[in-house]
Amino acid sequence: PGKNKKLLAGKELVRYAIENALKSDIVDDWVLSTDDPDIIAIGHEYQGLSIINRPDEISGDDASAITYVHHALSILKKPYTHTVIIQVTSPFTQPEDIDKTISALLNNKEAASAVSVQPLDFALHPAKLKTLSKDSVLVPYLEEEKGRMSAQQLPKIFVRNGSVYASTIAAISQGNIVQDPCTAYVMPRERSLDINDPIDFDFAEFMLKKYHS
């Protein structure tokens, strides 16, 4: 509770998203959508940011992204061609990551959406995943490893890092944030931290101290 305004290195988490978003060279309008009065007050400190008080029925952990995007568009009532979502829980996202994700979409005429991704950790590669039989024997979960023991022998696998989502209005109108064909921008792993629990928050503080030093 209150994660988005929790202090990270002395600054509320939401400020990282706001300050980096406002430095984008591509996006015309930025909107802060929230039901939290404290975060609304923070938002009012920034020029060039629209504030939308999100209704209770589309707030909370179970609220889907498409609902608050539709809500924001219904209030703004402008002929936008694309939407972009910046996750507050990804404090290391840089303006260049935002713009490169958007550019990946703009430069691919077939794509309906673009997302930021990171390379999947080698230990989590699908070829290395196992399950245990009743006799405690390791059994391939998705595919046979076939003797491929090193990272160089396996194809690169990517996973969405939860940082940036860019969509065409056509995709949004169909109720989709991520819609195929979906292109991607590969973000550096050190900027791909997604804060979901207290351990992630502690690691973010460690990373900030490390790079600041």
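Reader: Where is Pro181 found?
Author: Pro181 is found in the loop between helix H5 (169–173) and S10. A cis peptide bond joins Asp180 to Pro181, with omega about -5°. One caution: this is a predicted model, where local features need pLDDT of at least 70, side-chain atom pairs count only at pLDDT 80 or more, and totals for chains, interfaces and linings use all residues. Residues are numbered from 1 along each chain as its sequence is written, and side-chain values use heavy atoms, with hydrogens and water left out.

Reader: What makes a run of residues a helix or a strand?
Author: Both are DSSP runs, numbered from the N terminus: helices are H or I with at least four residues, strands are E with at least two. The chain has 6 helices and 10 strands.

Reader: Why is Asp200 called buried?
Author: Buried means under 20% relative accessible area, exposed means over 50%, and partly exposed lies in between (1.4 Å probe, protein chains only). Asp200 has 18% relative accessibility, so it counts as buried. Asp200 lies in helix H6.

Reader: Which residues does Asp200 touch, not counting those up to four places away in sequence?
Author: They are Leu193, Asp194 and Ile195. Contact means heavy atoms within 4.5 Å.

Reader: Is Lys77 buried or exposed, and why?
Author: Lys77 has 70% relative accessibility, so it counts as exposed. The loop between helix H3 (65–76) and strand S5 (82–86) holds Lys77. Its phi is near 50°, a positive value in a residue other than glycine.

Reader: Why is Ser136 called exposed?
Author: Its relative accessible area is 56%, so Ser136 is exposed. Ser136 also has a positive phi, about 60°, although it is not a glycine. Ser136 sits in the loop between strand S7 (130–132) and strand S8 (138–140).

Reader: What makes Val137 partly exposed?
Author: Val137 has 46% relative accessibility, so it counts as partly exposed. Val137 lies in the loop between S7 and S8. Leaving aside residues up to four places away in sequence, Val137 touches Thr131 and Leu132.

Reader: Why is S6 said to be largely enclosed by the rest of the structure?
Author: Of the 7 residues of S6, 6 are buried, so the strand is largely enclosed.

Reader: How do you know that S6 and S9 pair?
Author: Two strands pair if DSSP finds at least two bridges between them. S6 and strand S9 (residues 158–168) have 6 bridges, in the antiparallel sense. Ser113 has Ser167 in S9 as its bridge partner.

Reader: In which sense do S6 and S10 pair?
Author: S6 and strand S10 (residues 182–186) pair in the parallel sense, over 5 bridges. Val117 has Val186 in S10 as its bridge partner.

Reader: In which sense do S3 and S4 pair?
Author: S3 and strand S4 (residues 49–53) pair in the parallel sense, over 5 bridges. The chain goes from S3 through helix H2 (residues 37–43) to S4 in a right-handed β-α-β crossover. Right-handed means this: with the strands pointing away from the viewer, the path from the first strand over the helix to the second runs clockwise.

Reader: What makes S3 mostly covered?
Author: Strand S3 (residues 30–34) has 4 of its 5 residues buried.

Reader: What makes H1 mostly covered?
Author: Helix H1 (residues 13–21) has 8 of its 9 residues buried. Among them are Leu13, Tyr16 and Asn20.

Reader: What makes an open space a pocket?
Author: On a 1 Å grid over the protein atoms alone, a pocket is an open set of points where a 1.4 Å probe fits, with protein on both sides within 12 Å along at least five of seven lines; where the probe cannot get out, the set is a cavity, and lining residues have an atom within 4 Å of a point. The second largest pocket is lined by 14 residues, with Gln118, Pro119, Arg189, Ser192 and Leu193 nearest its centre. Strand S6 (113–119) and helix H6 (198–212) each supply at least two lining residues.
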